[in-house]
Amino acid sequence: MSIELKNVTYTYSPGTAYEIHALKDINLSIPDGQFIGIIGHTGSGKSTLIQHFNALIRPTSGTITYNGEDIWGEKYDRRALRSEVGLVFQYPEHQLFENDVLSDVCFGPMNQGLSREEAEVEAKKALQHVGFKEKNFSKSPFELSGGQKKRVAIAGVLAMNPKILILDEPTAGLDPKGRDDILDQIAELHKELDKLRAKEEKAKAVKAAAKPKAAVEKAVKEEKTAPKKTAANTATKKAAPKSKKKAE
Ligand SMILES: Nc1ncnc2c1ncn2[C@@H]1O[C@H](COP(=O)(O)OP(=O)(O)OP(=O)(O)O)[C@@H](O)[C@H]1O
Ligand SMILES: [Mg+2]
């Protein structure tokens with residue numbers, strides 16, 4: 001189910017002389033586990049579109065749902081959404097602001113409630129994933145090359161362990177080798193995110209399968225503590241262990 005857009009329209013500076021209709025009546029469905037690329041001319045609205053996916057911008061009209069829930073609903077937790085749907089900006093400079101690389105990548109997980117120590121574990125894992133060398137961890141993000149900045153920006157989002165990763169022009173400004181490296185790493189990440197998703201789904205299925213078992217156990221317990229023995233509950237009592245076995 002994941003992300004769905006229905007009749008989404010977005011207008012910059014509506015009602016002014018600078019009004020721009022960036023998106024018009026977009027309908028789109030991105031199911032779980034997909035690896036999707038969006039292509040379009042410069043200025044066609046790609047960046048505007050993907051900023052809708054984690055509620056960074058609100059559509060002028062239309063609806064956006066994540067796992068079936070309207071992300072602009074009154075009680076919807078958009079902060080939690082932004083943790084699950086990670087967005088790496090087109091221009092890494094828009095995302096990097098700490099004094100050194102490691103602190104920058106720690107920012108997201110610390111914002112999610114981890115201690116600096118715990119955040120560093122996630123940050124180092126994420127930096128390793130994008131092939132960023134440890135000797136550069138203490139550098140200022142602004143001393144880095146374009147490709148290195150991009151990697152740090154991706155790591156900053158990865159360190160928050162998102163379920164969905166959205167990358168805006170991840171290969172822009174990279175040389176062919178850098179472009180291939182980053183695309184390989186993204187493909188690898190997709191595999192890992194997919195494995196994680198499959199694991200979560202399995203856990204959900206096990207939990208759902210355990211429910212009937214719990215219900216049967218409760219019924220059996222109630223039977224045992226029932227004061228009077230009747231023909232009806234004797235029959236249920238006999239049947240219960242059989243259905244319990246089935247539920248297991
Ligand atoms: N902050 C903004 N204020 C006003 N107009 C904007 C703003 N951002 C984008 N636009 C306009 O909205 C339209 C879509 O821009 P957007 O950045 O989404 O395109 P894009 O497909 O990502 O382009 P690119 O390939 O160059 O990154 C363009 O006409 C652009 O000029
Ligand atoms: Mg763009």
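This report looks at one helix, its neighbours and the surroundings of a ligand.

## About the model

This is a predicted model, in which local features need pLDDT of at least 70, side-chain atom pairs count only at pLDDT 80 or more, and totals for chains, interfaces and linings use all residues. Residues are numbered from 1 along each chain as its sequence is written, while chains are lettered from A and ligands numbered from 1 in the order in which they are written.

## Helix α3 and its neighbours

Let's start with α3, which spans residues 101-111. Helices here are DSSP runs (H or I, at least four residues), strands are runs of E (at least two), and both are numbered from the N terminus. Val101, Leu102, Asp104, Val105, Cys106, Gly108 and Pro109 of α3 are buried (20 or more other C-beta atoms within 10 Å of a residue's own, with C-beta atoms placed from the backbone). These buried residues pack against α4 (116-129) and α5.

Which residues of α5 does α3 meet? They are Val152, Ala155, Gly156 and Val157, and on the α3 side are Val101, Asp104, Val105, Phe107 and Gly108; contact is counted when C-beta atoms, placed from the backbone, lie within 7 Å. Nonpolar covers Ala, Val, Leu, Ile, Met, Phe, Trp, Tyr, Cys and Pro; charged covers Asp, Glu, Lys and Arg; the others, Gly among them, are polar.

## Around ligand 1

Now for the ligand. The residues surrounding ligand 1 include Tyr12, Lys46 and Gln90, where a C-beta atom, placed from the backbone, must lie within 6 Å. The giver of the most residues to this shell is α1, with three. Three residues of the shell are nonpolar, eight polar and one charged.

Key:
Axes are lines fitted to C-alpha atoms, for helices over the stretch in contact, and angles run from 0 to 180 degrees between N-to-C directions. Two residues are in contact if their C-beta atoms, placed from the backbone, lie within 7 Å. A residue is buried if 20 or more other C-beta atoms lie within 10 Å of its own, exposed if 12 or fewer, and partly exposed in between; C-beta atoms are placed from the backbone.
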